[in-house]
Amino acid sequence: MNSGLPAGWTIERVRALSGDPSAVPLSFDRLVVVETAGQGDYEPLRPDVILAFHELCLVRDDGEWFMGQLDDDGSVICWGSYGSDLTEAIRSL
């Protein structure tokens, strides 16, 4: 599942940078949405990478990394974009 990660990245590198040895890539067979600020609505995302860090997730959609929470039903609710740099997104965890 590392194939979707940016060039030069492996799940081992993600784990080392995040400090979370249990970080894992997730499958795409789940609902992934981002909250629309101030509207209470959700916009569906079509991620090409989903990384789980316990209950938090980083989701890449169209080159942007979104932070979100993994719900009990397996869906991911994101609250905002953390830019296109995976290193910076991981440091925001």
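These legends describe a predicted model of one protein, view by view.

Local features are reported only at pLDDT of at least 70 and side-chain atom pairs only at pLDDT 80 or more, while totals for chains, interfaces and linings use all residues. Residues are numbered from 1 along each chain as its sequence is written, and side-chain values use heavy atoms, with hydrogens and water left out.

**View 1. The whole fold.**
The protein holds 2 helices and 7 strands. Helices (H or I, at least four residues) and strands (E, at least two) are DSSP runs, numbered from the N terminus. Their order from the N terminus is α-β-β-β-β-β-β-β-α. The C-alpha trace spans about 35 × 25 × 20 Å along its principal axes. The radius of gyration of the protein is 12 Å, in agreement with the value near 12 Å for a compact globule of 93 residues. That radius is taken over C-alpha atoms, and the globule rule is 2.2 Å times the number of residues to the power 0.38.

The accessible surface of the protein comes to about 5,300 Å². Carbon and sulfur atoms own 47% of that surface. Areas come from the Shrake-Rupley method with a 1.4 Å probe; for residues, only the protein chains shown count as cover. Of the 93 residues, 40% count as buried. Buried means under 20% relative accessible area, exposed over 50%, and partly exposed in between (1.4 Å probe, protein chains only). Among contacts with a separation of 6 or more, 41% join residues 24 or more positions apart. A contact means heavy atoms within 4.5 Å.

**View 2. Charges across the protein.**
The protein has 6 positive and 16 negative charges. Lys and Arg count as positive, Asp and Glu as negative; His and the chain ends are not counted. Side chains of opposite charge can pair when their charged atoms come close. How many salt bridges are there? The count comes to 2, with a salt bridge defined as a side-chain nitrogen of Lys or Arg within 4 Å of a carboxyl oxygen of Asp or Glu.

**View 3. The Asp48–Arg60 salt bridge.**
Asp48 and Arg60 meet through their side chains, at 2.9 Å from N to O. The pair links distant parts of the chain, 12 residues apart. Asp48 sits in the loop between β3 (41-44) and β4 (49-53), and Arg60 in strand β5 (residues 56-61). Asp48 is partly exposed, because its relative accessibility is 37%. Arg60 is buried, because its relative accessibility is 14%.

**View 4. The Arg91–Glu88 salt bridge.**
In this pair the closest N and O atoms are 3.2 Å apart. Arg91 and Glu88 are 3 residues apart in helix α2 (residues 86-91), so about one helical turn separates them. Arg91 counts as exposed at 57% relative accessibility. Glu88 counts as partly exposed at 40%.

Thr87 lies in helix α2. Its relative accessible area is 17%, so Thr87 is buried. Leaving out residues up to four places away in sequence, Thr87 touches Trp9, Arg13 and Leu17. Ile90 also has its place in helix α2. Ile90 is buried, at 3% relative accessibility. With the residues up to four places away in sequence not counted, Ile90 touches Trp9, Val14, Leu17, Ser18, Phe53 and Leu58.

Asp20 lies in the loop between α1 (11-18) and β1 (24-25). Which side chain of opposite charge is nearest to Asp20? It is Arg15, 6.9 Å away. Asp20 is buried yet has no salt bridge. Beyond residues up to four places away in sequence, Asp20 touches Arg15, Phe53 and His54.

His54 lies in the loop between β4 and β5. Its phi is near 55 degrees, a positive value in a residue other than glycine. At 55% relative accessibility, His54 counts as exposed. Asp62 lies in the loop between β5 and β6 (64-70). Asp62 is not a glycine either, yet has a positive phi of about 55 degrees. Asp62 is exposed, at 75% relative accessibility.

Key:
Charge placed at Lys NZ, Arg CZ, Asp CG, Glu CD.
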